[in-house]
Amino acid sequence: MTDEILYRYFRNEATAQEVREIEAWLDADPAHQSDFDAAHALYNVSEMEGRTYMAPAGIDDDCQAAAVPSVSAASASSSGAQERGRRHSFWRYAVSSAAAVLLAVTAGFLGMEWEHRTVYEDLTAKTNVINVPAGERISLTLQDGTRIQLNGGSRLEYPVLFEKDVRKVKLSGEAYLKVARNEAQPFVVETFASDIEVLGTEFNVLADEKNGFFSTVLVSGKVKVTTVAGQDGEYEQVILNPDEKVKIVGNHLVVSRILASDEISWKDGYINLRGVNFVELMHRFESMFGTDILIARNDVPEIGYLSGKIKVSEGIDFALHLLQEACDFTYEKDAATGAVIIK
């Protein structure tokens, strides 16, 4: 692995082949996560001072630290967004005595006050934001090793550095999370409707505040879902087991048994038809195909399918024609905007 390739990757300028090479390198050795954490702390300090620390002359390519800017999915090209699972990653650093010296200096600096605040406080207060355009999907790895896949139309906020006793992120939209286990530092996903707390698990969250949709599906492990307290201070709380789904129905949490693999099929490029109504499905079409859909009729069609999936790569016209076999509706496209009008 060379520094030229990694720097291009950090600046979102790497080719698809270079991205695959870097991701394969990261997956090849779990020990790289420790290197990731060390380099991350080093970069954060350098960013605060407006510069990037470099290894001294004589240290080979495997012993340097590099920086990655905050990622904005809006700047990603549409053609490469799905293939480029964007990971905020740093490459191996603490493998030589010279690197160890740099890390020791960095550790000392982290303990100093900076304008009456510690660097730690500054970094935990600083937030990265990722906005995913409709019709695209993005993958990333957080500083603790947690892997997240974001669906189209989603927004994720997370700190540059997690606090010592908790790892908090804010989500709007849909995401699949594989959380790195750390019992001393629970992971919390904050949404408009509830907080989802985990130690180490895999689960899916849909938090669409605009349309009033919220659900959490558990794939493995356990999660605790707590609603946002109302004006009276009351809240509800449930603990999910694998293959369970919680939704908000009439301001209450309702748990049901489901097949988790169906609920997370979007991350593999499929739209699930099981257990969704027509309105929910149209909103899913909007996020997956990147197309606005208007239901211009008084009644809502009933979906005749009990199960099945639609492949996103086939396109929205294929999906709508297939759906017409089980639903009584017609549609047309607005010539000016390309929006789909259901009649």
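The model is a predicted one: local features need pLDDT of at least 70, side-chain atom pairs count only at pLDDT 80 or more, and totals for chains, interfaces and linings use all residues. Residues are numbered from 1 along each chain as its sequence is written, and side-chain values use heavy atoms, with hydrogens and water left out.

I start with the whole chain. There are eight helices and 20 strands; these are DSSP runs numbered from the N terminus, with helices being H or I of at least four residues and strands being E of at least two. The chain has 343 residues, and 46% of them count as buried. Buried means under 20% relative accessible area, exposed means over 50%, and partly exposed is in between, with a 1.4 Å probe and protein chains only. The accessible surface is about 16,700 Å², and carbon and sulfur atoms hold 49% of that. Such areas come from the Shrake-Rupley method with a 1.4 Å probe, and for residues only the protein chains shown count as cover. Among contacts with a separation of 6 or more, 53% are between residues 24 or more positions apart, where contact means heavy atoms within 4.5 Å.

Next, the pockets. A pocket is an open set of points on a 1 Å grid over the protein atoms alone, where a 1.4 Å probe fits, with protein on both sides within 12 Å along at least five of seven lines; lining residues have an atom within 4 Å of a point. The largest pocket has about 800 Å³ of space, a volume being the space filled by probe spheres set on the points, which are joined across faces, edges and corners. Its lining has 37 residues, and Leu 206, Asp 208, Phe 213, His 283 and Arg 284 lie nearest the centre. Which element gives the most to this lining? Helix 7 does, with six residues. Other elements that supply at least two residues each include strand 10 (202-208) and strand 11 (213-220). By class, the lining has nine nonpolar, 16 polar and 12 charged residues. Here Ala, Val, Leu, Ile, Met, Phe, Trp, Tyr, Cys and Pro are nonpolar, Asp, Glu, Lys and Arg are charged, and the others, Gly among them, are polar.

The second largest pocket has a volume of about 360 Å³. It is lined by 15 residues, and among those closest to its centre are Asn 251 and His 252. The classes there are seven nonpolar, five polar and three charged.

Now helix 8, residues 316-324. Its buried residues include Ile 316, Ala 319, Leu 320 and Leu 323. They lie on the same side of helix 8 because they cover an arc of only 95° around the axis, the arc being that of the directions from the helix axis to the C-beta atoms. The buried residues of helix 8 pack against helix 7 and strands 17, 18, 19 and 20.

Asn 251 sits in the loop between strand 14 and strand 15. It has a positive phi of about 70° although it is not a glycine, and Asn 251 is exposed, at 71% relative accessible area. Asp 243, in the loop between strand 13 and strand 14, has a positive phi near 65° and is partly exposed at 26%. Gly 153 lies between strand 5 and strand 6. Gly 153 and Val 132 are 21 residues apart in sequence, yet 5.3 Å apart, C-alpha to C-alpha.
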